[in-house]
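Dear colleague,

Please find below the structure that I am handing over to you, with its sequence. My findings follow directly after it.

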Amino acid sequence: MIPKLPLDRLIETIVDWVSDHLSGLFDALSTAIGGLVDAFSFVLHVAPSYVLIVLLAALGYKLGKWPLALLSAIGLLLIVNLGYWDETMDTLALVLSSAFISIVIGIPLGILCSRSRAAAQTITPVLDFMQTMPAFVYLIPAVMFFGLGVVPGVIASVIFAVPPTIRLTHLGIRQVPAELGEAADAFGSTPGQKLVKVELPLAWPTIMAGINQTIMLSLSMVVIASMIGAQGVGASVYRAVTQIKIGEGFEAGLAVVIVAIVLDRFTQRLMKSKPNK
């Protein structure tokens, strides 16, 4: 028989080395990510719930008129009525942090893939690995490097959710007609001007589709992240499951569904709009 490859020991050796030699980097990342989550959480908690509901309903009206405004207001009022408002805002802070980091990383990498075939061929297999690896596996190194709490939950969410933004940014830019790029070159546009004025506006719907998927995937990690100390509705769902409290689990799960629907509708409307030029 062929002897088993010592892959498990190799991975553990690599993780131990990284933990020993890059602890300062992980401390800095932990501080930065924790600060980002705290900033989102402060903004979401500082105003009374009804003020935030009115603001989101107004945004819904701007994006999708009365249907989206009423959907947002009724859904969020139901969350208040069920008593999950604070937990939902904690969850939303986690999701927004994960989505923000994913967008900051994903769009530049997608642009790089559209510019360089070698980069695309290198990054694509990594994205395949990230999307097919079970999400629970990401919790192991995240906890080892960052401990328990919100930060490893955000890290695991980013790894799980960033591939769609990279893929669809790449796809959107590659789908821009070559004739338009040639016309921009003929008018003397620099590569940066062509990207900002031509390619990104035309690729906007596709890029927004990737961001939409990233937000939904970040939200799907809420319950999993609660297993390593992330607070929010996911913790309520996890607690209800472990204690077999079906009613509480349904209520907490409904809060997650409402947030998912509202975020999905908002980003779908943004998908149909044009970025500011």
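Arg167 is partly exposed, with a relative accessible area of 27%, where buried means under 20%, exposed over 50% and partly exposed in between (1.4 Å probe, protein chains only). Arg167 forms a salt bridge with Asp128, and their closest N and O atoms are 2.4 Å apart; the term requires a side-chain nitrogen of Lys or Arg within 4 Å of a carboxyl oxygen of Asp or Glu. Helices here are DSSP runs (H or I) of at least four residues, numbered from the N terminus. Asp128 is likewise partly exposed, at 36%.

This is a predicted model, in which local features need pLDDT of at least 70 and side-chain atom pairs count only at pLDDT 80 or more, while totals for chains, interfaces and linings use all residues. Residues are numbered from 1 along each chain as its sequence is written, and side-chain values use heavy atoms, leaving out hydrogens and water.

The count of salt bridges comes to three. Another of them joins Glu199 to Arg115, with the closest N and O atoms 2.5 Å apart. This pair links distant parts of the chain, as Glu199 is in helix H9 and Arg115 in helix H4, 84 residues apart. Glu199 is buried at 10% relative accessibility, whereas Arg115 is partly exposed at 43%. Arg265 and Asp264 also meet through their side chains in a salt bridge (2.7 Å, N to O).

The largest nonpolar core has 36 residues, of which Ile79, Trp85 and Leu219 touch the most other members. Such a core is a set of buried Ala, Val, Leu, Ile, Met, Phe, Trp, Tyr and Cys residues joined through side-chain atoms within 4.5 Å. Among the helices that each supply at least two residues of this core are H3 (49-82), H4 (85-115) and H9 (191-220). Helix H12 gives the most, with nine residues. Leaving aside neighbours within four places in sequence, Trp85 is in contact (heavy atoms within 4.5 Å) with Ser49, Leu52, Ile53, Leu76, Ile79 and Val80. Apart from this core lies another, of 15 residues, including Ile123 and Val162.

Finally, Ser97 is placed in helix H4 and is buried, with a relative accessible area of 0%. Not counting residues up to four places away in sequence, Ser97 touches Leu36, Val37 and Phe40.

With kind regards
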